[in-house]
Amino acid sequence: MIKAGIIGATGYAGGELVRILSGHPDVEIVWYGSRSYIDQKYADVYRNMFRIVDAACMDDNMEELAEEADVIFTATPQGFCASVISEEILSRTKIVDLSADFRIKDVKTYEKWYGIEHKSPQFIEEAVYGLCEVNREDVKSARLVANPGCYTTCSILTAYPLSKEGLIDMNTLIVDAKSGTSGAGRGAKVPNLFCEVNENMKAYGVTTHRHTPEIEEQLSYASGEPVMINFTPHLVPMNRGILATEYASLKEKVTAEEVMAIYQKYYGNEYFIRLLGAGACPETKWVEGSNFVDIGFQIDERTNRIVMMGAIDNLVKGAAGQAVQNMNLMFGLPEQEGLKLVPLFP
């Protein structure tokens with residue numbers, strides 16, 4: 001059995017890690033880390049875990065945890081993992097970091113967008129960007145995986161094949177995305193109160209959202225050219241889910257069959273990516289609670305643009321599910337182990 005520790009186990013992403021790993025046949029959770037609830041029973045924090053988890057919450061002592069766990073998941077705010085990671089810890093355990101600390105390769109870019117000093121830049125180059133469908137082979141041999149952000153996972157995977165094949169003009173790419181409120185975390189914030197969110201829809205982080213450089217960097221690798229996008233996120237009154245609608249000009253006239261063939265080339269054998277085809281519009285409801293990515297597209301012949309659409313569950317494929325997918329690869333397990341979660345409906 002793989003012994004897993006979770007730092008930040010009482011946040012939304014951490015809670016999803018507990019839910020998924022509790023049903024994983026090859027994993028035992030040995031540490032429920034939560035600075036806010038030390039010594040309190042985990043099932044008192046999340047009552048859905050009553051009679052499933054009997055353990056109490058522990059602190060965030062990474063050095064002690066590294067002695068007990070084969071893998072540590074850090075579902076923590078930006079800056080935490082970078083402030084505690086060390087060569088000694090990495091020599092004893094593997095880490096899947098769900099924060100942004102090791103996603104961006106350029107330190108100055110990270111510090112500019114996140115407004116904090118990076119405490120462990122020496123590990124940035126080693127860290128593998130954990131988008132499994134793109135970096136699968138590198139993840140397998142990694143000690144440190146940077147789990148991608150929720151918006152970025154959906155945005156990158158939706159546009160990746162056409163970016164890789166040079167089909168779209170990257171200078172024209174616009175990403176318009178909507179997320180449920182769980183994407184903002186479990187902490188109490190006035191903009192996320194029921195009366196603020198219910199019966200409302202709003203853009204936020206316009207031109208300044210922190211996932212922007214992450215999307216740009218990864219699509220730059222894919223297309224082989226510097227990419228600068230317009231990315232606008234929106235908050236919608238639902239618990240979970242992300243829908244990304246992306247627009248770009250086509251470099252040449254193509255048919256829907258040709259576009260679908262490109263998507264099939266990259267994703268035809270991917271278990272977690274479901275290609276809906278031309279004219280089909282993904283919906284967050286049909287991926288809720290699962291690790292699936294649903295992708296559709298539509299060619300606008302009048303403007304010679306393509307509209308690409310992707311939907312994920314932000315807490316599963318956008319966070320905890322993808323982290324477990326990365327862990328499976330790191331330990332040589334079947335990639336789908338513990339993740340064959342049927343989407344919830346209704």
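Tutor: A residue is called buried when its relative accessible area is under 20%, and exposed when that area is over 50%. The structure under discussion is a predicted model.

Student: Is Met 330 buried or exposed?

Tutor: Met 330 is located in helix 12. Its relative accessible area is 6%, and the limit for a buried residue is under 20%. Met 330 therefore counts as buried.

Student: With which residues is Met 330 in contact, leaving aside its neighbours within four places in sequence?

Tutor: The residue belongs to helix 12, and its C-alpha atom is separated by 19 Å from that of Gly 23, which is 307 residues away along the chain. The contacts of Met 330 beyond four places in sequence are Lys 94, Ile 95, Val 96, Val 139, Lys 140, Ala 142, Arg 143 and Val 145.

Student: In what order do the six strands form the open sheet?

Tutor: The pairing in this open sheet is parallel. Its edges are strand 2 (27–33) and strand 5 (128–129), each of which pairs on one side only. Read across the sheet, the order of the strands is 2-1-3-4-6-5.

Student: Which residue in strand 2 stands opposite Lys 3?

Tutor: Strand 1, residues 2–7, runs parallel to strand 2, and the two are joined by six bridges. Six of the seven residues of strand 2 are buried, so this strand is largely enclosed by the rest of the structure. The residue of strand 2 that stands opposite Lys 3 is Glu 28.

Student: Which residues does Thr 74 touch, not counting residues up to four places away in sequence?

Tutor: Thr 74 lies in strand 3, which spans residues 71–74. With a relative accessible area of 0%, this threonine is buried. The residues that Thr 74 touches are Ile 7, Met 62, Phe 80, Cys 81, Ile 95, Val 96, Asp 97, Leu 98 and Ser 99.

Student: Why is helix 1 described as largely enclosed by the rest of the structure?

Tutor: The buried residues of helix 1 are Ala 13, Gly 14, Gly 15, Glu 16, Leu 17, Val 18, Ile 20 and Leu 21. Their cover includes strand 1, strand 2, helix 2 (42–45), strand 3 and helix 12. Helix 1 is described as largely enclosed because the number of its 11 residues that are buried is eight.

Student: What volume does the largest pocket have, and which element gives the most to its lining?

Tutor: The volume of the largest pocket is about 1,400 Å³. It is lined by 49 residues, of which Pro 77, Gln 78, Gly 183, Ala 184 and Gly 185 are the closest to its centre. Helix 1 (12–22), helix 8 (150–164) and helix 12 (316–330) are the elements that give two or more residues to this lining. With three residues, the element that gives the most is helix 1.

Student: How do the lining residues of the second largest pocket divide by class?

Tutor: The second largest pocket has a volume of about 530 Å³. Among its 27 lining residues, the closest to the centre are Tyr 12, Thr 181, Ser 182, Gly 185 and Asn 239. Helix 1 and helix 9 (194–197) each give two or more residues to this lining. By class, the lining residues are 12 nonpolar, 10 polar and five charged.

Student: How many residues does helix 1 give to the lining of the second largest pocket?

Tutor: Helix 1 also contributes to the largest pocket, where it gives three residues to the lining. In the second largest pocket helix 1 again gives the most, and the number of residues is four.

Student: Is the residue at the UniProt "active site" position, Cys 150, buried or exposed?

Tutor: An unreviewed UniProt entry places the feature "active site" at Cys 150, a residue found in helix 8. Beyond four places in sequence, Cys 150 is in contact with His 211, Ile 242, Ile 312, Asn 314 and Gly 318. Its relative accessibility is 12%, and therefore Cys 150 counts as buried.

Student: How far apart are the end C-alpha atoms of residues 3–142?

Tutor: According to an unreviewed UniProt entry, residues 3–142 carry the feature "domain: Semialdehyde dehydrogenase NAD-binding". The chain over this range is 34% helix and 16% strand. The separation of its end C-alpha atoms is 17 Å.

Notes. Residues are numbered from 1 along each chain as its sequence is written. This is a predicted model: local features need pLDDT of at least 70, side-chain atom pairs count only at pLDDT 80 or more; totals for chains, interfaces and linings use all residues. Side-chain values use heavy atoms; hydrogens and water are left out. On a 1 Å grid over the protein atoms alone, a cavity is a set of points where a 1.4 Å probe fits but cannot get out, and a pocket is an open set with protein on both sides within 12 Å along at least five of seven lines; lining residues have an atom within 4 Å of a point. Grid points are joined across faces, edges and corners, and a volume is the space filled by probe spheres set on the points. Ala, Val, Leu, Ile, Met, Phe, Trp, Tyr, Cys and Pro count as nonpolar, Asp, Glu, Lys and Arg as charged, and the others, Gly among them, as polar. Two strands pair if DSSP finds at least two bridges between them. Buried means under 20% relative accessible area, exposed over 50%, partly exposed in between (1.4 Å probe, protein chains only). Contact means heavy atoms within 4.5 Å. UniProt positions are given in the numbering used here, feature names are shortened, and annotations may be inferred rather than shown by experiment.
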